[in-house]
Amino acid sequence: MVKELEILAEGEGEYHPVDPDGFRQWVRDHKKRALVPKLMSAKEAIERFVQDGDYLVYECNYLQRGPAALIREIIRQRKRNLWLGAKFTWVAAALLVEAGCVSKMDVGFFLFGPTVDRAVKEGRVKIYEYSNVVMTNRIKAGAMGIPFLPVRSFGGTDGFNYSGAKIIRDPYTGQPTVIVPALNPDVALIHVHQADVYGNARVFGTGISDVESALASKKVIISTEEIVDTEEIRHNPGLTAIPYYCVDAVVHLPFGAYPGEMAGRYASDVEHVVQVVGATMRGGLEVYLEKWVYGVEDHFDMLDRLVGWKRLQQLVQRATIKEGYLP
Amino acid sequence: MIQMQQPKGIPAAYFNEREHQICVMARLIEDGKTYWVAGGGTPMASILLAKKLYAPNAVYVTEDGVLAPEPALPLDPIMTMVSSRASYRALQWGTMNSVGFHAQIGLMDYGILNTLQVDPYGNVNSTLLGDYKSGEFRRFGGPGGADSIASLCWRTILMTDHEKRKFVPRVDFISSPGFLDGTEGARERAGLPKDTGPYLVLTPWALFDYEERYLRLIGISPFVTMEQVLGEMNFRPKIAPQLITLEPPTEEELTILRTEIDPRGQVTITGDIGRWIQKREDGTYGPVEAEPEGRPNPNLPRSW
């Protein structure tokens, strides 16, 4: 007797191919089990590990403990045809679209404005609809090595129709149940407080899906405020959020979340935030990119020439809350 | 019947419609319950005000996994999540997945959301205005955390402006689910948890609940008429036999709101705050001709 799982409804959106065995093989063949130093520059990390056409996720975002410096480096290297996991993101999605790096976006949330609106209307960017939590649930499934995850949200929305989700009859309860496809991104960018040269990483404070993205992604680039000795990691192993063996590159980028806040270390640059949010909502991102990305050599050149030591020290001084952010 | 706290303090002489909406929402917050709110904006301001005056044991979580914080206000623009001030003195720092799973097992009593559009069944649009299929639309940011809040909390409350373009017979796009087509069991058929769904809609002018999964007017602010309320809606809601008066803000509420919760005016001064309302000599309320001067406009983005 043939028994089939009953599919009650399904979205028509294209989704990043689901292939748990393929991902396992990638992990077997590419993730280094030995403790190998992975320290490199942002330029080298992005050149080596971000290819045109990759599915990209970044944790947090350009304004909130995100890998802002790595995102700028992707734009500077003019990567193309990226498929963006646009969850919990303010201006980064718009910056990457403005720069022509993106051709597809799975949307949870981004800060809207003329750039993305125009790109979508002109057919340069195709959007698939999800929600923030559904996106992190998908990454969770990818991190678990399973093909899909049942979730209790998302059903009944119009987004469902333009996604890769399905409603099945749950074979255990008999109830209609939404399932979403696992997401194994090609590359994840994660900015952390501390890491050792092998990629053992500590994150202090809240977050979106740092650990899940690190485990789910084929290539993982960690940027860190501070490099700590592995002896320090071994001294308090409970603080290790991301284990070294899923990490491919470690980039030492102090103020790597600038202009965003790095909780416990420095505050956001309010003036800069207001400018880039304004440019996203009203237009003018090309001017922003020219100044802050194309017009500088790298992150350190930007800090040196456009921000300055005085300003950076002010941001450090404004981060008065330390509780919970010190090991 | 809706439980609403009596306002504490003496009625204010001057206030704007945004302040009024936040104060009314604060009186609707139930003590000892959990609220999943979008970081910043009117939902967060309301619950913070409620915690000061009406519901000290109400607890809120934000999308980035902050559980029960005592935030260090005011927050810098946009820094409502993953920030040290917003996360200050929380009981737990989690992640988006952790708070999502907490809601999925039923730990979140209420969610409070803003919206672009809402329909009679409480469906929420935050994705686009226009027609998705034809490509004739203006794109917005997407549901963010709202879809999960509307799906997984036991009760969902909407805070929106009272405008014709917001109350529509059918939303252009269901970003977050209400009662869907309004039929019994529609949410369950879509895979959503049992006994969840829209609970209230609060605008600066009016309060609605749902009767048989259809929007019902149950309260009106003292500075508007029934005709004004219905005139700014693109469909006719059901109307309760007896309407509550949404009491205006008190001086005590406004003092806390203006000096402790939103001293930079990011929610109650900047952006679309509605009209300024004045208490007249005869005790009635009406819009003032000119805005009172005093608090500076900090020229910051509307959202915290």
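This is a predicted model: local features need pLDDT of at least 70, side-chain atom pairs count only at pLDDT 80 or more; totals for chains, interfaces and linings use all residues.
In soluble globular proteins, nonpolar side chains tend to be buried together. In the present model, the largest nonpolar core comprises 80 residues, and the members with the most contacts inside it are B:I29, B:Y35 and B:W36. Helix 2 of chain B, spanning residues 41–53, contributes the largest share of this core, namely seven residues. When residues up to four places away in sequence are not counted, B:I29 touches B:Y35, B:S46, B:I47, B:A50, B:A55, B:A58 and B:I112. Apart from this core lies another one, of 73 residues, whose members include A:F49, A:Y58, A:I127 and A:L253.

The two chains meet through 58 residues of chain A and 60 residues of chain B. Between chain A and chain B an area of about 4700 Å² is buried, and carbon and sulfur atoms give 60% of this area. Within chain A, the residues that lose the most area to chain B are A:R152, A:T206 and A:I321, which together account for 15% of what that side buries.

Polar interactions across the interface were also examined. Between chain A and chain B, 24 residue pairs are found in polar contact, both residues being at pLDDT 80 or more. Two salt bridges are found across the interface of chain A and chain B. A salt bridge is formed by A:E129 with B:R139, with 2.5 Å between the closest N and O atoms.

Several elements of chain A supply at least two residues each to the side that touches chain B: helix 5 (114–121), strand 5 (126–129), helix 6 (132–144), helix 7 (158–161), strand 8 (176–181) and helix 10 (270–282). Helix 6 of chain A gives the most to this side, with six residues. Classified by residue type, the side of chain A that touches chain B has 27 nonpolar, 20 polar and 11 charged residues.

In chain B, B:F101 is located in helix 3, which covers residues 96–104. Leaving aside neighbours within four places in sequence, B:F101 is in contact with A:N137 and A:K140. The relative accessible area of B:F101 is 25%, so this residue is classed as partly exposed, the limit for a buried residue being under 20%. The C-alpha atoms of B:F101 and B:L152 are separated by 9.3 Å, the two residues being 51 residues apart along the chain.

Conventions:
Residues are numbered from 1 along each chain as its sequence is written. Chains are lettered from A and ligands numbered from 1 in the order in which they are written. Side-chain values use heavy atoms; hydrogens and water are left out. A nonpolar core is a set of buried Ala, Val, Leu, Ile, Met, Phe, Trp, Tyr and Cys residues joined through side-chain atoms within 4.5 Å. Buried means under 20% relative accessible area, exposed over 50%, partly exposed in between (1.4 Å probe, protein chains only). Helices (H or I, at least four residues) and strands (E, at least two) are DSSP runs, numbered from the N terminus. Contact means heavy atoms within 4.5 Å. Buried area is the accessible area (1.4 Å probe) that two parts lose on being put together, summed over both. A salt bridge is a side-chain nitrogen of Lys or Arg within 4 Å of a carboxyl oxygen of Asp or Glu. A polar contact is a pair of N or O atoms within 3.5 Å; within protein, one must be able to donate a hydrogen and the other to accept it, and residues adjacent in sequence count only if both atoms are side-chain atoms. Ala, Val, Leu, Ile, Met, Phe, Trp, Tyr, Cys and Pro count as nonpolar, Asp, Glu, Lys and Arg as charged, and the others, Gly among them, as polar.
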